[in-house]
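Here are my notes on the model you sent. The points cover ring contacts first, then backbone geometry.

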Amino acid sequence: MTAGISKDAVKAALTTQALETPSWAYGNSGTRFKVFAQPGVPRTTHEKLDDAARVHAHTGAAPSVALHIPWDRVDDYSALSAYAADRGLTLGTINANVFQDDDYKLGSVTNPDPTVRRKALDHLIECVDIMDATGSRDLKLWFSDGINYPGQDDIRARQDRLSEALHTTYDRLGDDQRMFIEYKLFEPAFYATDIPDWGTAYAHCLKLGPKAQVVVDTGHHAPGTNIEFIVAMLLREGRLGAFDFNSRFYADDDLMAGAADPFQLFRIMYEVVRGGGLTSDIAFMLDQCHNIEAKIPAIIRSVMNVQEATAKALLVDAEELAEAQRTGDVLAANAALMDAYNTDVRPLLAEVREDSGIDPDPMRAYRRSGWQEQIVKDRVGGEQAGWGA
């Protein structure tokens with residue numbers, strides 16, 4: 001344990017950590033070239049919730065599930081909420097989908113065709129209606145909108161259309177509901193993406209009001225981008241509403257959190273801890289797919305990776321670091337971070353799990369549970385969930 005850090009305080013903070021898992025991570029996925037099917041994959045949203053409950057049972061840190069509409073559309077959302085509650089879960093963020101329809105080839109809410117814009121806006125309003133039915137607090141908006149060629153459309157006019165749609169959706173939110181605006185540097189728009197960076201998202205949030213906040217997704221940045229700086233700035237401004245964990249090697253790979261650069265994940269979590277993000281109302285979610293690896297254990301591993309990065313961030317000796325920074329001792333300041341990062345926190349997290357009454361080794365517990373073998377046996381026939389090819 002790092003000097004000056006209370007083990008009990010670290011354990012207490014870890015006990016309260018909660019990560020939302022995405023419904024789509026339990027379905028079939030792949031690359032832009034091929035979607036790979038796996039035996040035992042859920043066929044319905046209810047079966048996705050069954051798998052999510054298994055993740056929460058083995059980690060104690062994944063109590064909510066994000067839904068994606070229309071992928072998770074059901075006839076009775078109140079009944080779906082009750083189904084989740086029976087399994088110890090809540091329904092979390094509602095994610096809109098205005099990127100998988102032929103009408104959206106030239107954009108959704110920024111499309112030059114007002115009929116298409118109305119269709120997209122109607123879907124955003126539908127998502128708020130679903131929030132009312134599920135009791136979900138948060139609406140997450142990511143737009144694939146953009147242009148591929150110079151002159152294809154008016155860049156400024158597209159921002160005007162975007163603003164109009166965001167304001168209409170914002171006005172529909174209830175008093176306790178929030179809107180999260182996500183950004184992505186590129187893809188699928190190759191020339192100009194309509195919300196390419198945190199500054200664009202932040203500017204729209206400022207005009208909308210306090211219920212609008214920015215989403216930071218680990219994979220949505222150019223190589224070398226200092227994501228922890230963005231996190232620090234948005235926390236400082238009180239506008240970091242959500243953080244989507246995944247991992248990337250080249251672009252938006254959506255791999256297991258911490259797979260490519262666990263040190264980056266630690267640095268991000270240090271800024272979250274430093275900025276009070278663990279005790280605020282930020283929605284932390286895994287936004288990833290599992291193409292070649294088994295889905296449930298991959299999600300369990302991702303939760304564990306975030307927990308480990310958080311534990312290390314909590315172990316940074318704040319007084320030692322502040323003194324080194326005050327005196328300009330560059331090496332000592334860096335060492336304060338590295339000492340925490342190099343600490344093996346797995347025994348500490350095992351204690352946290354044992355104290356909560358769950359197996360200290362979630363991966364081993366899942367393998368022993370027989371759940372994977374059972375769902376492969378039971379989920380035969382029907383159409384597996386997935387986002388298509």
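1. W24, W71, F99 and W142 are joined into a cluster by ring pairs. The model is a predicted one, and a search of the whole of it gives 9 aromatic pairs. W71 and F99 make an edge-to-face pair, with ring centres 6.4 Å apart and planes at 85 degrees. This pair links distant parts of the chain, 28 residues apart: W71 is in the loop between β4 (64-68) and α3 (77-86), and F99 is in the loop between β5 (90-95) and α4 (114-134). W71 is partly exposed, at 25% relative accessible area, and F99 is partly exposed at 26%.

2. The loop between β4 and α3 also holds P70. The peptide bond joining I69 to P70 is cis, with omega about 20 degrees.

3. The charged end of R87 is 3.4 Å from the centre of the Y83 ring. K119 lies over the face of Y104, 5.5 Å from the ring centre.

4. Most peptide bonds are trans, and most residues other than glycine have a negative phi. With a relative accessible area of 18%, E187 counts as buried because the cut-off is under 20%.

5. D254, also not a glycine, has a positive phi of about 55 degrees. D254 sits in the loop between β11 (240-245) and α8 (262-274). Its relative accessibility is 14%, so D254 is buried.

Terms used
Residues are numbered from 1 along each chain as its sequence is written. This is a predicted model: local features need pLDDT of at least 70, side-chain atom pairs count only at pLDDT 80 or more; totals for chains, interfaces and linings use all residues. Side-chain values use heavy atoms; hydrogens and water are left out. Rings of Phe, Tyr and Trp (its six-membered ring) pair if their centres lie within 6.5 Å; planes under 30 degrees apart count as stacked, over 60 as edge-to-face and the rest as tilted. Helices (H or I, at least four residues) and strands (E, at least two) are DSSP runs, numbered from the N terminus. Buried means under 20% relative accessible area, exposed over 50%, partly exposed in between (1.4 Å probe, protein chains only). A charge sits over a ring if NZ of Lys or CZ of Arg is within 6 Å of the ring centre and within 35 degrees of the ring normal.
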